[in-house]
Amino acid sequence: MEGMFYSTQEVWTWWIAIYLFLGGLGGAAVVISIMTNMYYRTHKELILWANISSFIMLSVGSLLLFLHLLHHIAVINVLNPMVLINKPDAWISWGTQFIVWMMVWSMVYTFPYLLESPFWSRMPIVGSILKLFGWAGQLSLKFHKIIGWLAIINAVGTVLYTGLLLQSFPAVALWHNPGVPLLFIVSAFSTAFAFLLLVLYLFIDREEDHVIKVFYERTDVILISVELLIIFVFFHFTTYGLESARHTASLLWENMGWIIGFIGFGLLVPFFIELKGVTTGWKSPAPIVLAAVLVLVGGYLLRHYFMYAGVYERPYPAQHEFAPGGHVELDKLQTQKPVSG
Amino acid sequence: MAAHYAMVIDLNTCVGCNACMAACAMENQTPVWANRWRTYVHDLEVTSGFLEDQIRRRFFPRLCNHCDNPPCMSVCPTGATHKLENGIVMVDDDLCMGCRACAMACPYDARFDVTYDDLKEGETFYGSLHFRTSPSVDKCSFCSHRVMRGLKPACVETCVGYSRMFGDLNDPADPVAKIVASGVAKPLMSHLGTRPNVFYISDLERAT
Ligand code: SF4
Ligand code: SF4
């Protein structure tokens, strides 16, 4: 019937990218660390580092989301577990519950190790509080595997949610496809392996962890290659796909931050560093540490550009284009072309 | 059978007077000081598919389309966004936490913020009649409070060009139902599967 307008949004920006990044990273770190501890090598320190960091990450991410709510008190409506019965179709309902219960069960799983840890038990005030809950540690150990699996299930849900959230927005071709959850899951696990490698190299640094480090590096190389393949699929999809996807292509594939920052330094460079690490090896841990940092930065950049490059197609300009203070790169994003209808 | 409300907008007769915007703003107390409206009339230049060198001026009113398959409702985690039996999609501002997932999901960009600051500003702007108490995401409600009393939405009531028509799709005798059934009025972006209940009569088809 009429010409169409193409524009991005200004509602969910960098802070949602951080939320999605920390959610995916934190969730995947819980899965990997508990799996490692239960089925590969018992490693209490890794559990402490991974699960406490994950708790902090999810708290920061959720706080960012909370601060950006328009009506803070009403958040109680999604914290209530009944939300899964009342609104099972909304991914935010599932995501909120997954995040809350992942945080709870991963901390319950970690608790016995927290009690044993000299660092925490000797800490003033915290140490004395922990002593009061010795019984809780015993109880947790009694059901440790079940609790571990409860944490894992909720953590997998959290990782999945970060991708499915974007998929539920039908007007944006870049987001509304099953490639997004897949990409975000692979990226989340890749960043989590990178984060745990950093922990193992920089903070725990034990000789006997060599086997875990090698396993993590190998898995990360595989994950980065899968991520590169998915990115190629997105390149094809955006370049030759629907009109709004093609507008996304002009935002992504002409952007040096995306090409050099994310694909170059966030994927290719760490891929080759880690590949050399698992094939011929490095004399010092420095290159792997560098690769892990790059993977983490890349993980954020992926979500950052994904949020900014989601292009909507509409029969009129977007609200932020005519709202005061709103801006739009008209020459880039707005086209009017005759279409039949 | 319950009513199923819909709106037809004739782009040939909209004169761009913006009376509908003003009527809606007063009726629903939208934060006009921040240029946020439940309905907005765009002043656009468009070209015809057949006569590409001919540029036409188009006044294009936009509002919530009260979709029958509303993506804004399925993403809403609190249940604030819900659909009434009569087809009107509503936001319960007490339940809404303002996560804006609905605004992201709406293909028609029909939703906007009402913030804590807007509530304060509203007290000054709308004076003692101000009724908003909660910040939330807001959008057109087809003036459901008027429709329940047998009245038309404020924008329809005030439209000088008779561009906006409101009616019941379940009543075959209703002029709106007849126009929609005739196929002359079409929904926006129906390929998305949202099944909108706002239909537009094209000005270009009349022109060519
Ligand atoms: S137009 Fe947007 S806000 Fe209105 S019902 Fe459809 S999706 Fe929801
Ligand atoms: S902003 Fe309100 S109405 Fe919209 S999805 Fe969130 S809770 Fe629901």
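These notebook entries record what I looked up in the predicted model shown above.

**Ground rules**

I noted that this is a predicted model, in which local features need pLDDT of at least 70 and side-chain atom pairs count only at pLDDT 80 or more, while totals for chains, interfaces and linings use all residues. Residues are numbered from 1 along each chain as its sequence is written, chains are lettered from A and ligands numbered from 1 in the order in which they are written, and side-chain values use heavy atoms, with hydrogens and water left out.

**Entry 1: salt bridges within the chains**

I began with charged pairs, since side chains of opposite charge can pair when their charged atoms come close. For a salt bridge I used the rule that a side-chain nitrogen of Lys or Arg lies within 4 Å of a carboxyl oxygen of Asp or Glu, and over all chains the structure holds 15 of them.

I looked up A:Glu116 and found it paired with A:Lys44, with 2.9 Å between the closest N and O atoms. Because A:Glu116 belongs to helix α5 (residues 91-116) of chain A and A:Lys44 to helix α2 (residues 44-67) of chain A, this pair ties together parts that are 72 residues apart in sequence. Helices here are DSSP runs of H or I with at least four residues, strands are runs of E with at least two, and both are numbered from the N terminus.

I then checked how open the two partners are, taking buried as under 20% relative accessible area, exposed as over 50%, and partly exposed as in between (1.4 Å probe, protein chains only). A:Glu116 is partly exposed at 45%, and A:Lys44 is partly exposed at 37%.

B:Arg57 sits in strand β3 (residues 55-62) of chain B and B:Asp43 in strand β2 (residues 40-47) of chain B, so the pair ties together parts that are 14 residues apart in sequence. B:Arg57 counts as exposed at 55% relative accessibility, whereas B:Asp43 is partly exposed at 43%.

I also noted that salt bridges with shared partners join A:Arg206, A:Glu208 and A:Asp209 into one network. Within this group, A:Glu208 and A:Arg206 meet at 3.6 Å, N to O; A:Glu208 is exposed at 54%, and A:Arg206 is partly exposed at 25%.

**Entry 2: where chain A meets chain B**

Taking contact to mean heavy atoms within 4.5 Å, I found 43 residues of chain A in contact with 58 residues of chain B. The two chains bury about 4000 Å² between them, 63% of it on carbon and sulfur atoms, where buried area is the accessible area (1.4 Å probe) that two parts lose on being put together, summed over both.

How many salt bridges are there between chain A and chain B? The count is one salt bridge, and I found B:Asp109 paired with A:Arg314, the closest N and O atoms being 3.9 Å apart.

On the side of chain A that touches chain B, α3 (76-79), α5, β2 (312-314) and α15 (319-322) of chain A each supply at least two residues. The largest share, three residues, comes from β2(A).

I sorted the residues of this side of chain A into 28 nonpolar, 10 polar and five charged. In this scheme Ala, Val, Leu, Ile, Met, Phe, Trp, Tyr, Cys and Pro count as nonpolar, Asp, Glu, Lys and Arg as charged, and the others, Gly among them, as polar.

**Entry 3: the two ligands**

I counted a residue as near a ligand if one of its heavy atoms lies within 4 Å of it. Ligand 1 has 13 residues around it, and B:Cys64, B:Asn65, B:Cys67, B:Cys72 and B:Cys106 come nearest; by class its shell has nine nonpolar, two polar and two charged residues.

Ligand 2 is surrounded by 13 residues, the closest being B:Cys76, B:Thr81, B:Cys96, B:Cys99 and B:Cys102, and its shell has eight nonpolar, three polar and two charged residues.

**Entry 4: single residues**

Is A:His144 buried or exposed? I found A:His144 buried, with a relative accessible area of 11%, and placed in helix α9 (residues 144-167) of chain A. Leaving aside neighbours within four places in sequence, A:His144 is in contact with A:Tyr109, A:Pro112 and A:Tyr113.

Lastly, I noted that A:Asp205 has a positive phi of about 45° although it is not a glycine. A:Asp205 is found in the loop between α10 (179-204) and α11 (210-240) of chain A, and it is exposed at 54%.
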